[in-house]
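These are my notes from one sitting with the structure. I went from whole chain to single residues.

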Amino acid sequence: MRLLSALPGLLVGCILLGLLLKSRGVLSMQPLSRLLFSTAWKPLKGQFGLLAFLSGTLWVTLAAMILAVPISLLTAVYLSEFAPRFLRGLAKPLIDLLAGIPSVVFGVWGVLLIVPFVARIAPLFGAYSSGYSVLAGAIVLAIMIFPTIILVSLEVFTAVSRDLRDASLALGATRWETVKHVVLRKGAQGLIAAVVLGFSRAFGETMAVLMVVGNVARLPHSLFDPAYPLPALIVNHYGEMMSIPQTESALMFSALVLLLIVFVFNFAARLILTRVERRIQ
Amino acid sequence: MGFRRRKWEERVFRVLMAASTFIVLGSLLMILGTVVIKALPALNLDMITRTPEGGFYLGKAGGIKNAILGSLYLASGATLLAVLLSLPIALYINTYSMRSKAWAVQVRFFLDVLWGVPSIVYGAFGFIVMTLLGMRASLLAGILTVALLELPIMARAMDEVIRLVPSALIDASASLGASRLQTALRVVLRQSLPGILTAMLIAFGRGIGDAASVLFTAGFTDHVPTSLTQPAATLSLAIFFQLGSPIPEVRARAYASAAVLTLIILLVSLAARALSRKLRKHIIP
């Protein structure tokens, strides 16, 4: 059993090693800087610049975070500090359910509702859009990461002791002031971790975003432009993996880049959370 | 700060918070509603009892039985495999590693890291292993990949419930002369059974809904697989492929398939709730 419990660590190592070995082909052919900072993706000419895809992912993820963070945090505060008991009991299973909805279903919903919505509102901002855009991806993605941020934040709030709240209320602070000066301050680190976890979840999300974001390999200049995120690149070029030389290696390198970025954020978030947990116990 | 201003600030934030909660819960209802409404016209018995027939992808007769069964086989196999891996891990870090707490912390940390790995990366890794072993895209390769995806979800969820078993129970069992294995299996496992079943169902739900990990590994076929080495269709990929079609009838089937998948997820999560409530009666509080 002890051997088996080493499996998670081994698996992390194996995934990293496997992707790294597969990326060697393209890494030996081109300098790292050209792979990461060139926009030229022309597999037939042996050019595998990932910049357009990296920036596509960043645009969609950041826009989604701007939408999701305030809404999720406000919801978490409401459910933990203000909501009546029945609403709390009702909301928790529903948020769990939202977390369980498959990403293709989010994608279908995005295509049906969000894409036409974005196409409709684009002229109001003086832009033309087919609807398949950064904004559509961001809206769908924001909803997908609501549960992650809310559920982790709720745990952080439960960890803040009742006594602190009571003390603040006894001093004459209103409930919102108690939240602002006591609960949020005490839970700040945990909330940062919740947001970072949401970010890393959003960063690697594939299918839902791919279905609504347009997949045009250009640097986006506005929310109404289409984008081409990194995970979508891997999915869409899967068919050419075996036929065009080095494409497989380039795609595995993309997966490695994706993984490393997500790793860094996850490591950070988990370290913070473990520290918070230890301090509170 | 004046009293009126404090009151005003409180009121504004209460409205903002209630509105946010409404947005979160409303978007869930909107997703479920849209999928159901769009699916109704294309939803019929043929959809779930027949496999694709000639010209199915041009809008002719047939159904998605291949994808429904494929998904169920795949997720069941993966869940079974993930249980075999994660239950011992969760039991070990909670009952055996009393002396080496640091080890348990490390295992949990790596499980959390794995939890955050995007499913497309599992797909790519599965593909690498598959080609390394000379396997083709098949039900087995899909099961292995999805099992890896489910492992951290399940192990962490099991760990959370096993952790809650009161240490007095474990001590009592030990003082009666039970070995650690006996304690783990007869006391800890029994006490946390409802939570463990819930963890399995949550992981099953994740596994059956995932698309990016099976794209490279399970393949796609119009037939119901009869052995582990055959490729298998999945609902999530059936939705994805049909939605890309220019033909309205085929797209309508994508909506219907999405409704079927959502229904399965709903049933699984309801079952998880009901089961854990029913079994909770038998544990010592």
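Predicted model: local features only at pLDDT ≥ 70, side-chain atom pairs only at ≥ 80, totals over all residues.

**Chain B as a whole**

I began with burial: of the 285 residues in chain B, 49% are buried. The mean pLDDT of chain B is 88, and 96% of the residues reach at least 70. For the complex, the predictor reports an ipTM of 0.90 and a pTM of 0.91.

Next I looked up the secondary structure. Chain B has 12 helices and zero strands. I noted the extent of the C-alpha trace of chain B too: about 70 × 70 × 35 Å along its principal axes. I then took the contacts in chain B with a separation of 6 or more; 76% of them join residues 24 or more positions apart.

**Domains of chain B**

The contact between them uses seven residues from domain 1 of chain B and seven residues from domain 2 of chain B. On the domain 1 side I counted six nonpolar residues, one charged and no polar.

**Where the chains meet**

I turned to the contact between the chains. Here 62 residues of chain B are in contact with 61 residues of chain A. On the chain B side, helix α1 (residues 3-39) of chain B gives the largest share, 19 residues. By class, that side of chain B has 43 nonpolar, 12 polar and seven charged residues.

**The nonpolar core**

I looked up the largest nonpolar core, which has 188 residues. The members that touch the most other members are A:V108, A:V140, A:L141, A:A255, B:A124, B:M154 and B:A258. Both domain 1 (3-42) and domain 2 (49-282) of chain B supply at least three residues to this core.

I followed up one of these members, A:V140. Leaving out residues up to four places away in sequence, A:V140 touches A:F106, A:G110, A:I114, A:A208, A:V209 and A:V212.

**A:P102**

Is A:P102 buried or exposed? I found 24 other C-beta atoms within 10 Å of A:P102, so it is buried; the cut-off for buried is 20 or more. A:P102 sits in the loop between α4 (85-100) and α5 (103-121) of chain A. I checked A:M207 as well, 105 residues from A:P102 along the chain; their C-alpha atoms are separated by 9.4 Å. Across in chain B, A:P102 touches B:G209, B:D210, B:S236, B:L261 and B:I265.

**A:N215**

My last entry is on A:N215. Most residues other than glycine have a negative phi. A:N215 is not a glycine, yet its phi is positive, about 55°. I located A:N215 in the loop between α9 (207-212) and α10 (230-236) of chain A.

Methods:
Residues numbered from 1 in each chain as written. Chains lettered and ligands numbered in written order. Helix = DSSP H or I, 4+ residues; strand = E, 2+ residues; numbered from the N terminus. Contact = placed C-beta atoms within 7 Å. Nonpolar A, V, L, I, M, F, W, Y, C, P; charged D, E, K, R; others polar. Core = buried A, V, L, I, M, F, W, Y, C linked by C-beta atoms within 7 Å. Buried ≥ 20, exposed ≤ 12 C-beta atoms within 10 Å, placed from the backbone. Domains from an automatic or database assignment. pLDDT = per-residue confidence, 0-100.
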